[in-house]
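Dear colleague,

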Amino acid sequence: MAEQDEPRSLDELAAEVDENGEVSAEAAEGSDDLEMLKRERDEIRDRFIRALADAENTRKRAERDRREAENYGGSKLARDLLPVHDNLSRALNAIAEDQREAQKALIEGIELTMRELLSVFKKHGIHPIDPKVGDKFDPQQHQAMFEAPVPGTKAGEIIQVATQGFMLHDRLLRPAQVGVSSMKES
């Protein structure tokens, strides 16, 4: 017979049932052992399944964090480069037509620098928000710098664009700064 501490097999337990189908006291004790083993097995299976689910969730979370770091990790640097874009734009817009011929090489250098900056932006998923006068104000992409009643416009229309906005993939990096009409509809 097996030692008291060791669980018994089903064959050993079956041998202890008499011909009338009654279980001896010793067999009943073995039945308790069997129930205890089943509960322990179920508990271990449950813990194992939970551990597998936790591991899968951790893997998915790590993958999502890695993707976000790859896509948005450079957002601070990108935000710091936006004033460079603004200054190059202002420089190009400030050049008078009569100066274009005299300063052709300098202007060409500024334009090349601007194109290269925009190329780098595009390569890293940064794209401009370029609202036009007359477009509808969108608070998800625009920042209203002022409101003014301008005849011939509807309330909520853009009447002036102060600075371009930018998106980093699908996130707002900087809203476009605009003036908005506050004209009352008659």
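A salt bridge, as the term is used here, is a side-chain nitrogen of Lys or Arg within 4 Å of a carboxyl oxygen of Asp or Glu. By that criterion Glu 63, Arg 66, Arg 67 and Glu 70 are linked in a network of salt bridges.

Before the details, a word on the source. This is a predicted model, in which local features need pLDDT of at least 70 and side-chain atom pairs count only at pLDDT 80 or more, whereas totals for chains, interfaces and linings use all residues. Residues are numbered from 1 along each chain as its sequence is written, and side-chain values use heavy atoms, with hydrogens and water left out.

Overall fold

The protein chain contains 5 helices and 6 strands, where helices (H or I, at least four residues) and strands (E, at least two) are DSSP runs numbered from the N terminus. Along the sequence these elements follow the pattern α-α-α-α-α-β-β-β-β-β-β. Of the 186 residues in the protein chain, 23% are buried, a label that means under 20% relative accessible area, with exposed meaning over 50% and partly exposed the range in between (1.4 Å probe, protein chains only). The accessible surface of the protein chain is about 13600 Å², and 52% of that surface belongs to carbon and sulfur atoms; such areas come from the Shrake-Rupley method with a 1.4 Å probe, and for residues only the protein chains shown count as cover. Among contacts in the protein chain with a separation of 6 or more, 58% are between residues 24 or more positions apart, contact being defined as heavy atoms within 4.5 Å.

Helix 2 and its charged pairs

The structure holds 13 salt bridges, and one of them joins Glu 63 to Arg 67, with the closest N and O atoms 3.6 Å apart. Both residues lie in helix 2, 4 residues apart, which is about one turn of the helix. Glu 56 forms another salt bridge with Arg 59, where the closest N and O atoms are 2.6 Å apart; because these two are 3 residues apart in helix 2, they are separated by about one helical turn. Glu 56 is partly exposed at 32% relative accessible area, and Arg 59 is also partly exposed, at 47%.

Helix 2 spans residues 25-72 and includes Ile 49, which is partly exposed with a relative accessible area of 48%. Phe 48, Ile 49 and Leu 52 form a nonpolar surface patch with about 310 Å² of accessible area together. Patches are made of residues with over 30% relative accessible area and no salt bridge, like charges being joined within 9 Å and nonpolar side chains (Val, Leu, Ile, Met, Phe, Trp, Tyr) within 5 Å.

Met 167 stands opposite Leu 172 in strand 5. The two strands form a hairpin with 2 residues between them, and His 169 in the turn has a positive phi of about 55°.

Gln 164 is found in the loop between strand 3 (158-163) and strand 4. Apart from neighbours within four places in sequence, its contacts include His 85, Asp 130 and Arg 174. Asp 130, in turn, forms a salt bridge with Lys 132, the closest N and O atoms being 3.1 Å apart.

Terms used: Pairing = 2+ DSSP bridges.
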